[in-house]
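Q: Hi! Could you walk me through this structure? I'd like to start with the strands and then hop around a bit.

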Amino acid sequence: MKLIVNGEDREFDDAVATVRQLLEHLQVPVDRTAVEVNQQIVVTEEYAGRQLNELDRIEIVSFVGGG
């Protein structure tokens, strides 16, 4: 499946079908991440059930602590 992740065209196999699977595949920490699919924010509780489709535009932002 072809997805656009943070502005970059990417190809993924069938194992990446949900937002959560995408984050796991990209090794992005789920608990410190905001995700938008086609300009709609996906809340953390919906990551596992939010299906991805061909050519979806996904923006992933990770929060980094510091001081």
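Q: Which residue in S2 is the bridge partner of Leu3?
A: In S2, Leu3 has Arg10 as its bridge partner. Strands here, like helices, are DSSP runs numbered from the N terminus (helices are H or I with at least four residues, strands are E with at least two).

Q: And how many bridges join S1 to S2?
A: S1 and S2 run antiparallel and are joined by 4 bridges. Two strands count as paired if DSSP finds at least two bridges between them.

Q: Before we go on, what should I know about the model and the numbering?
A: It is a predicted model, where local features need pLDDT of at least 70 and side-chain atom pairs count only at pLDDT 80 or more, while totals for chains, interfaces and linings use all residues. Residues are numbered from 1 along each chain as its sequence is written, and side-chain values use heavy atoms, with hydrogens and water left out.

Q: Thanks! What is the strand order in the sheet?
A: The order is S2-S1-S5-S3-S4, in an open sheet of 5 strands with mixed pairing. S2 (8-11) and S4 are the edge strands, each pairing on one side only. From one strand to the next, the twist averages 35 degrees; axes for that are lines fitted to C-alpha atoms (for helices over the stretch in contact), with angles from 0 to 180 degrees between N-to-C directions.

Q: What does S3 pair with?
A: S3 runs antiparallel to S5, with 5 bridges joining them, and Ala34 has Val61 as its bridge partner in S5. S3 also runs antiparallel to S4, through 3 bridges; there, Glu36 is partnered with Ile41.

Q: Which S3 residues are on the covered face, and which on the uncovered one?
A: Thr33, Val35 and Val37 make up the covered face, while Ala34 and Glu36 make up the uncovered one.

Q: What's going on in the S3 and S4 hairpin?
A: The hairpin has 2 residues between its strands, and Asn38 takes a positive phi near 50 degrees.

Q: Where else is phi positive in a residue other than glycine?
A: Asn6, in the loop between S1 and S2, has a positive phi near 50 degrees. Leu55, in the loop between S4 and S5, has a positive phi near 70 degrees. Asn6 is partly exposed at 41% relative accessible area, and Leu55 is partly exposed at 46%. For reference, buried means under 20% relative accessible area, exposed means over 50%, and partly exposed is in between (1.4 Å probe, protein chains only).

Q: Switching to the inside: which residues touch the most other members of the largest nonpolar core?
A: Leu22, Leu23, Leu52 and Ile58 do, in a core of 16 residues. A nonpolar core is a set of buried Ala, Val, Leu, Ile, Met, Phe, Trp, Tyr and Cys residues joined through side-chain atoms within 4.5 Å. S1 (2-5), H1 (19-25), S3 (33-37) and S5 (57-62) each supply at least two residues of this core, and H1 gives the most, with 3 residues.

Q: What does Leu22 touch?
A: Not counting residues up to four places away in sequence, Leu22 touches Leu3, Phe12, Val16, Leu52, Ile58 and Ile60. Contact means heavy atoms within 4.5 Å.

Q: Is Thr18 buried or exposed?
A: Thr18, found in the loop between S2 and H1, is buried, with a relative accessible area of 6%. Leaving aside neighbours within four places in sequence, Thr18 is in contact with Tyr47, Ala48, Arg50, Gln51 and Leu52.

Q: How many salt bridges are there in the whole structure?
A: A search finds 2, where a salt bridge is a side-chain nitrogen of Lys or Arg within 4 Å of a carboxyl oxygen of Asp or Glu. Lys2 forms one with Asp9, the closest N and O atoms being 3.6 Å apart. Glu24 forms one with Arg20, with 3.2 Å between the closest N and O atoms; both lie in H1, 4 residues apart, about one turn of the helix.

Q: And what about Asp56?
A: Asp56 is buried yet has no salt bridge, and Arg50, the nearest side chain of opposite charge, is 4.2 Å away. Lys and Arg count as positive here and Asp and Glu as negative, with His and the chain ends not counted. Asp56 lies in the loop between S4 (40-42) and S5. Beyond neighbours within four places in sequence, the contacts of Asp56 include Lys2, Val37 and Asn38.
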